[in-house]
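Here is a short briefing to read alongside the model. Take a look at the fold first, then walk through the points below.

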Amino acid sequence: MELNSTLENTVTGRLLSCMGRRLYFPNGIIAQSAEAKISAHVANATIGMAFNRDKPLTLSAVTENMSTFKPDEVVVYAPTAGIEQVRNIWKASIIEKNPSVEGGRISLPAVVPGITAGISYTADLFLDEGQSVIVSEPCWDNYNLIFSERRGAEILTTPFFNSGPGLNMAAIGRTVRNAAKSGAVRIILNFPNNPSGYTPTKAEAEGLISLIREIAEEGADVLVICDDAYFGLYYEDDIYQESLFSRLSSLHERILAVKIDGPTKEEFVWGLRTAFLTFGSRGMEDRHYAALTKKLMGAIRSSVSCSNTSAQYLTIKTLTDKRTDPEKAKYRELLKERYLAIKQFVKNMPNHPILSPLPFNSGYFMSFKCNGINSEILRQELLSKHGIGTISLGEHFLRVAYSSVDKEKIPLMYRIIYNTAESLR
Ligand SMILES: Cc1ncc(COP(=O)(O)O)c(C=O)c1O
C-alpha cells in the first residue's frame, strides 16, 4: 500500500499490472539481514549461509576450479533445461542419497537458477489465482511472495508445531483433509525446515506419507512440493534422512511429487544460483515427463532463458571430486557442534515463560516462539543494544541462524537473548 500510494498519480502507478501492484519488498529476512550487517558486531545470526570465523565454508573443488574454466565452460549459453551431464550426475546423486527412489520413475532433473526459481516455476505450472497451497506456520517468508503476491494464490497456513517435541500431526491432518474436499491438494514440505530447523522423525515421516496416500486413495489429486534446500544436515539419529520425495514419487497415481533441491546449500555455493527440479509420480511415464519438462522449459525460457553455464560446470567438477564428501561431512560436524551447544543451553531453560524453542534437529536454524512479547521488538533490542542480529518472523517468532555463528559465541549470544526477552516483560 505504501509503495502504491507513493506511485499514485505517476505514469508508473497508472501502468502497473495487477501483479505489479501486488509486489513489494517485505521487511523480512533479506531486509533484516541488511540491517544486521551494519549493526551486528557481536554475532550475526541472520545469514542463511554457513560461515566460520567470518568466512563462508567452501569446498576445495569449488575454490580450485573457479579460475580454471575454459571459455566454452563460461560464456556459451547452456541448454534451457541445463547441461545433460550435470542433470545426469544430479539424478544419480538423488538416487544415491535417497535409496527409496525408484530411479526409473522420476524425471531427469532440470536445471533452474536456484531453489527459489524452482519453487516459482512450480507455482507457475500448478497454481492459479484463487487456488490454495498448504504451507507450514512458521515458514520461509519468500513462500508468501511467490505463492501469494506473484501467483495470487491463497496460502493455507498450518501450525506445524505445537508445544510438544515434534510435528503437530493433528493440525496438519485437519488442514490436508479439509483441502482434499475440493478434489485437489497442493502442499509444500520443507525439511530441514526454515525457520524451525526441524526434520520429521521416521515415525512422523511415515505419518505424513500415510496421510497423503489416504487422501489420494480417497480421490484427491495431490501436488507435494518438496523444498529440500537444506537436505543432509541432520544431527539426530531418529530423523527420516531421505527426502519425502523418495516415497511420494512412486506412491500413487494421484500424487505428483516435485523435488526442488540443489548445490546452493548442499555444496555450500549459495551465490552460484543453481538448483534442480525433478518430477515423480506413479502415474507418469517417460513421455509424460518429457511433456512436463517441456512445459517447465517454457517457464524457464520465458523468464531467465537458461541458467548460468559456469555454475553447472563447477557443479560437475564438485560432485565428481573425491574430496567433496569428506569435506561436506566435516562441515556438517561443525554445524552439529553448534547445534549441540544450543540444545544444551535451551535444555537448561526448561519451561521458560517467554521463549519456547520450536523443535529443532537439523539444518541451519532454530527458532523461538515468543510468548507475551513481540518478536520484532526483541529483534530490534538485540540488534541496537547488544549487537546481535536475529530475524523476526511476524510478531511471534524469532529465528537464530547458528549456521553463521561460531560455536564459542553461542553461550554468550543465548544468554543475551534470554536476558533481553526477560527485560521486555
Ligand atoms: C526453505 C528455503 N528454500 C529455498 C531457499 C532458497 O534457495 P536458493 O538460494 O537455492 O534459491 C531458502 C533460503 O534461502 C530456504 O530457506
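In the chain, 74% of the contacts with a separation of 6 or more are between residues 24 or more positions apart, a contact being heavy atoms within 4.5 Å. This is a predicted model, where local features need pLDDT of at least 70 and side-chain atom pairs count only at pLDDT 80 or more, while totals for chains, interfaces and linings use all residues. Residues are numbered from 1 along each chain as its sequence is written, and side-chain values use heavy atoms, with hydrogens and water left out.

**Overall shape**
- A compact globule of 425 residues would have a radius of gyration near 22 Å, and the chain agrees with its 21 Å (taken over C-alpha atoms; the rule is 2.2 Å times the number of residues to the power 0.38).
- The C-alpha trace spans about 60 × 55 × 55 Å along its principal axes.
- Of the 425 residues, 55% are buried, meaning under 20% relative accessible area with a 1.4 Å probe, protein chains only.

**Secondary structure**
- The chain holds 17 helices and 15 strands; these are DSSP runs, helices being H or I of at least four residues and strands E of at least two, numbered from the N terminus.

**Around Val 86**
- Val 86 sits in helix 6 (residues 84-97) and is buried, at a relative accessible area of 1%.
- Leaving aside residues up to four places away in sequence, Val 86 touches Val 111, Phe 276, Gln 312, Thr 315 and Ile 316.
- Val 86 and Leu 319 are 233 residues apart along the chain, yet their C-alpha atoms are separated by 9.0 Å.

Methods:
Buried < 20%, exposed > 50% of the residue type's maximum accessible area, 1.4 Å probe, protein only.
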